[in-house]
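Let's take a walk through this fold together. Please keep the sequence and the model open as you read.

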Amino acid sequence: MNLIKSLALMEKYGTCPACGNGNVANGEGKLIVEDDYFYRSCKCGWEVKTDEDGKLYPTPY
Ligand SMILES: [Zn+2]
């Protein structure tokens, strides 16, 4: 994934909109950036998966 695009997605989804947790370390959440998708999840159960343009995938994982 394009670095600029991945940084924009990290900024957009860096903090969990459900509980406000911004941590991804120590099992608090997950942040995965692959060539074809961006994935971010939180320990509260919130998760999001998008393509590099921020288009949401219908079913995260
Ligand atoms: Zn959360």
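First, a word on the ground rules. This is a predicted model, in which local features need pLDDT of at least 70, side-chain atom pairs count only at pLDDT 80 or more, and totals for chains, interfaces and linings use all residues. Residues are numbered from 1 along each chain as its sequence is written.

The chain has 1 helix and 3 strands, and from the N terminus on these elements run α-β-β-β. Here helices (H or I, at least four residues) and strands (E, at least two) are DSSP runs, numbered from the N terminus. As for overall dimensions, the C-alpha atoms fill a box of roughly 25 × 20 × 15 Å along the principal axes. The radius of gyration is 11 Å, which agrees with the value near 10 Å that a compact globule of 61 residues would have; the radius is taken over C-alpha atoms, and the globule rule is 2.2 Å times the number of residues to the power 0.38. Of the 61 residues, 13% count as buried, where buried means 20 or more other C-beta atoms within 10 Å of a residue's own, exposed means 12 or fewer, and partly exposed lies in between, with C-beta atoms placed from the backbone.

Now to the sheet. The 3 strands form an open sheet in the order β1-β2-β3 with antiparallel pairing; two strands pair if DSSP finds at least two bridges between them. At the edges are β1 (29-33) and β3 (47-50), each of which pairs on one side only. A hairpin of 4 residues leads from β1 to β2, and 5 bridges join β1 to β2 (residues 38-42). Along this pair, I32 has Y39 as its bridge partner, while L31 stands opposite R40.

What packs on the sheet? Helix α1 (residues 3-13) does, touching β1, β2 and β3, and its direction makes about 20° with that of β2. Axes are lines fitted to C-alpha atoms, for helices over the stretch in contact, and angles run from 0 to 180 degrees between N-to-C directions. A contact means that the C-beta atoms of two residues, placed from the backbone, lie within 7 Å.

Finally, look at L56, in the segment after β3. Leaving out residues up to four places away in sequence, L56 touches V48 and T50. Is L56 buried or exposed? L56 counts as exposed because it has 10 C-beta neighbours inside 10 Å.
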